[in-house]
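The sequence and the structure come first, and the notes follow.

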Amino acid sequence: MRTLALPHEFPGANWIGEEERVLVERVVMARSPFRFYGENPQRMVDTLEREWCASFGHGHAVAVASATSGLSIAMSALRIGPGDEVLLPGYLWISCVAAVVRSGAIPRLVDIDDSFTIDPVDLERKIGPRTRAVLVVHMNGAPGHVAEVAAICERRSVALIEDCAQAAGASSGGRAVGRFGAIGVFSFQLNKNITSGEGGMVVCEDPALHRRIVALHDLGYARDVNGRLDTGDESCQLWGYGVRMSELAGALALAQLRKLPRIADAMRAAKWRIREGLSDIPGLGLRTIPCPAGDTGPFLITLLRDEETARRFAAAVHSEGIAGPGGRPLCVSMRDWGLHWYSNIPSLVRRTSNSRDGFPWSHPQNSFAAGYDYDVGALPSCDDLHARSAILSIGSTLAEQDVDDIILALRKVARLVLS
Ligand SMILES: Cc1ncc(COP(=O)(O)O)c(C=O)c1O
């Protein structure tokens with residue numbers, strides 16, 4: 001079908017240009033890469049946090065070095081630890097589980113439905129006396145039934161944390177992701193909708209929670225107006241993670257935030273044109289997206305009849321020339337999609353520990369979780385979707401012709417493998 005490589009699928013990075021250069025250069029020329037003090041701070045991270053809140057309606061935003069650290073901060077901000085369990089879906093990213101395990105709490109898996117996000121029915125069933133929080137993960141740029149999940153959490157008095165790492169700019173029912181739960185966490189790593197190479201954002205509404213998040217992302221304490229640590233306030237003497245965002249990352253992320261609506265519009269338009277172009281093919285399923293207007297569009301998930309067909313589908317799409325620079329595959333069977341699936345995470349399946357004593361699995365307060373299962377078979381619907389789906393990256397700079405080629409290739413391949 002095609003011999004010309006499609007663009008790289010790093011959405012934000014494809015848009016890096018003059019705006020990023022100007023802001024980064026300001027930081028460099030001011031010789032002030034630290035946000036809290038220095039020769040002539042340019043307040044890039046402050047401005048990023050302020051514009052982030054203004055863009056999405058969040059009460060508070062704290063820029064951090066990564067979403068992985070942001071998720072750990074969320075656990076500590078909510079005082080989650082041994083004796084607690086955090087419910088999370090089987091389709092996620094390893095960082096979600098890592099944050100729970102490092103906090104000393106126990107992860108408990110919840111099944112997903114064909115939205116590829118947490119299934120509200122299984123969630124309701126699994127909330128128990130140990131459940132302190134639910135971590136909902138807005139996978140592949142689009143939320144699932146997040147309002148329903150938020151309502152369940154509120155009714156059952158458990159905290160909701162939103163992992164929005166893959167979904168900057170997404171919304172559901174007109175409400176931005178990160179505003180459904182107590183805390184939301186975004187990522188600016190290279191594969192995400194916008195990027196500063198590494199980086200992230202932690203958002204919340206509650207001022208007291210915000211104060212804890214600020215202290216936790218730093219050295220465990222607040223800072224005064226001069227950026228010096230303030231150890232005097234006994235209500236905020238914590239153990240910090242040391243994951244502040246540098247002004248250089250802040251400058252990049254700020255320029256990218258200003259482009260986010262255009263980046264997401266481009267991916268959403270391309271993806272939904274492809275979905276439309278596949279809608280009449282019998283036997284080819286598509287991920288359910290409850291709120292298409294709130295999708296940011298970086299990935300298209302197709303559902304085939306079985307594992308073998310999903311593998312053949314992905315391989316044939318590649319053979320048709322739907323590939324990135326250097327022949328990089330853009331369509332892969334979910335079986336090859338690594339640490340996004342619970343049963344592919346060896347440290348979870350084997351309950352490994354960072355310390356010699358087996359913490360947190362061995363902690364006496366966690367004995368309630370001895371029977372929890374993390375091996376394949378624990379989540380029937382998740383296992384089924386894992387086996388028979390394929391995922392295609394949607395570039396943020398596709399031309400009309402690129403989209404046409406993708407549609408033609410997918411239609412041809414679907415007919416072939418489904419016949
Ligand atoms: C769902 C999800 N959560 C968390 C993360 C972690 O983000 P970071 O790389 O910024 O730590 C990622 C990154 O891949 C992710 O996809």
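An oxygen atom of the ligand lies 2.7 Å from an N or O atom in the side chain of S187. The model is a predicted one: local features need pLDDT of at least 70, side-chain atom pairs count only at pLDDT 80 or more, and totals for chains, interfaces and linings use all residues. Residues are numbered from 1 along each chain as its sequence is written, and side-chain values use heavy atoms, with hydrogens and water left out.

**Ligand site**

- The side chain of Q166 also has an N or O atom at 2.8 Å from an oxygen atom of the ligand.
- At A67 a polar backbone atom is 2.9 Å from a ligand oxygen atom.
- The protein covers 92% of the 390 Å² of accessible area that the ligand has on its own (areas by the Shrake-Rupley method with a 1.4 Å probe; for residues, only the protein chains shown count as cover).
- The ligand is surrounded by 13 residues, the closest being T68, D163, Q166, S187 and K192 (a residue is near if one of its heavy atoms lies within 4 Å).

**K192**

- K192 sits in the loop between β8 (183–187) and β9 (200–204); helices (H or I, at least four residues) and strands (E, at least two) are DSSP runs, numbered from the N terminus.
- With a relative accessible area of 15%, K192 is buried (buried is under 20%, exposed over 50%, partly exposed in between, with a 1.4 Å probe and protein chains only).

**K259**

- K259 belongs to helix α8 (residues 247–278) and is buried at 5% relative accessibility.
- The side chains of K259 and E19 make a polar contact at 2.9 Å (a pair of N or O atoms within 3.5 Å; within protein, one must be able to donate a hydrogen and the other to accept it, and residues adjacent in sequence count only if both atoms are side-chain atoms).

**Aromatic rings**

- The whole structure holds 11 aromatic pairs (rings of Phe, Tyr and Trp, the last by its six-membered ring, with centres within 6.5 Å; planes under 30 degrees apart are stacked, over 60 edge-to-face, the rest tilted).
- F34 and F36 are edge-to-face because their planes stand at 75°, with the ring centres 5.9 Å apart.
- F34 is partly exposed at 23% relative accessible area, whereas F36 is buried at 18%.
- Y91 and W341 have ring centres 4.1 Å apart and planes at 25°, so this pair is stacked.
- Y91 is in the loop between β2 (85–89) and α4 (94–103) and W341 in the loop between β14 (331–333) and α10 (346–349), so the pair ties together parts 250 residues apart in sequence.
- Both Y91 and W341 are buried.
- One aromatic cluster is formed by W52, F56, F186 and F188.

**Charges over rings**

- R228 lies over the face of Y37, 4.3 Å from the ring centre (NZ of Lys or CZ of Arg within 6 Å of the ring centre and within 35 degrees of the ring normal).
- R275 lies over the face of W272, at 4.2 Å from the ring centre.
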